[in-house]
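Please look through the sequence and the model first.

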Amino acid sequence: MPSTNQLDATFMALADPTRRAILARLVEGEASVNELAEPFEMSQPAVSKHLKVLERAGLITRGRDAQRRPCKIEMEPLVAATDWIEKYRQIWEANFGRLDALLEELKRPQGGKDAK
Amino acid sequence: MSVIFKPEVEVSTPGDTDVVVKRKFNAPAELVWRCYTDPALLPRWLGGYPGWTMPVCEMDLRVGGTYTWRWRHDEQDMEFGFTGTFEEIIPNRLIVHSERPVDVEEMGDSHNVIEFVPLGDMTELVMTMSYASAEVRQSVLDTGMTDGMGVSFDRLDTLLLAVD
């Protein structure tokens, strides 16, 4: 189970739409800063700033190639994050499933046996 | 037979401290409101995980009134609950209340806004829980954590939408 700090860092990094778009792009494969800057119409330094946040959160790693330093997405923190959000969602899904059943029961005028 | 109707529960985490849970129900707002505010009805759906019952559900539904919800697991001899004060009430539309966990360490105080949004014959329930800090929010969400789930890009997509 990842630490709370790790999850905080993950969610802090994911709170920004540009960073989410960068990650969505990196799911397709590695990319250099230049390649990432292009579709977002952002300056290279602006993209680099976002990449630093993502890198600190452990969501991406940078290659060694001094010229290109390609960015690669790291799935582990994302999986950790989806795990809890999915579990939390399932808790509510169970609650609301019971609420559905109760609502159906209340909608029947005399608490009949079967909903239509 | 019932018409199959299973809308998705949407969970999102806007900003640093909020959790928003949304779900549509195939019933008018008045009825969803009743299920949320009637102490005889609420225990029938809220927190009824296997083994748990809700022996205490007291709600003094007026501004300044308090509520006490308590769940119990007989077999494990465990109990926890929430208590709080109603701050704003618009019948069939809105409840604003504070929430303080009792006997559960990993949860934190929150300020909750529960909206009942009419959509024709349906209702969207929108619950916004605001915690004191990002840390508290995370610890609340961590209580729902499990490990051992597989990796998939579908889930990444889900997450990217969820945090939007």
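This is a predicted model: local features need pLDDT of at least 70, side-chain atom pairs count only at pLDDT 80 or more; totals for chains, interfaces and linings use all residues.

Residues are numbered from 1 along each chain as its sequence is written, and chains are lettered from A and ligands numbered from 1 in the order in which they are written.

**Chain A overall**
- Chain A has 5 helices and 2 strands, where helices are DSSP runs of H or I with at least four residues and strands are runs of E with at least two, numbered from the N terminus.
- Their order from the N terminus is α-α-α-α-β-β-α.

**Helix α4(A)**
- The 13 residues of α4(A) should span 18 Å at 1.5 Å a residue, and the end C-alpha atoms are 18 Å apart, which agrees; the expected span is 1.5 Å times one less than the number of residues.

**Packing of α3(A) and α4(A)**
- Helix α3 (residues 33-40) of chain A packs against helix α4 (residues 44-56) of chain A at about 110°, with the axes 9 Å apart; axes are lines fitted to C-alpha atoms over the stretch in contact, and angles run from 0 to 180 degrees between N-to-C directions.
- The two helices are therefore roughly perpendicular, the term for angles of 65 to 115 degrees.

How values were computed: Angles under 35 degrees count as roughly parallel, over 145 as roughly antiparallel, 65 to 115 as roughly perpendicular and the rest as oblique.
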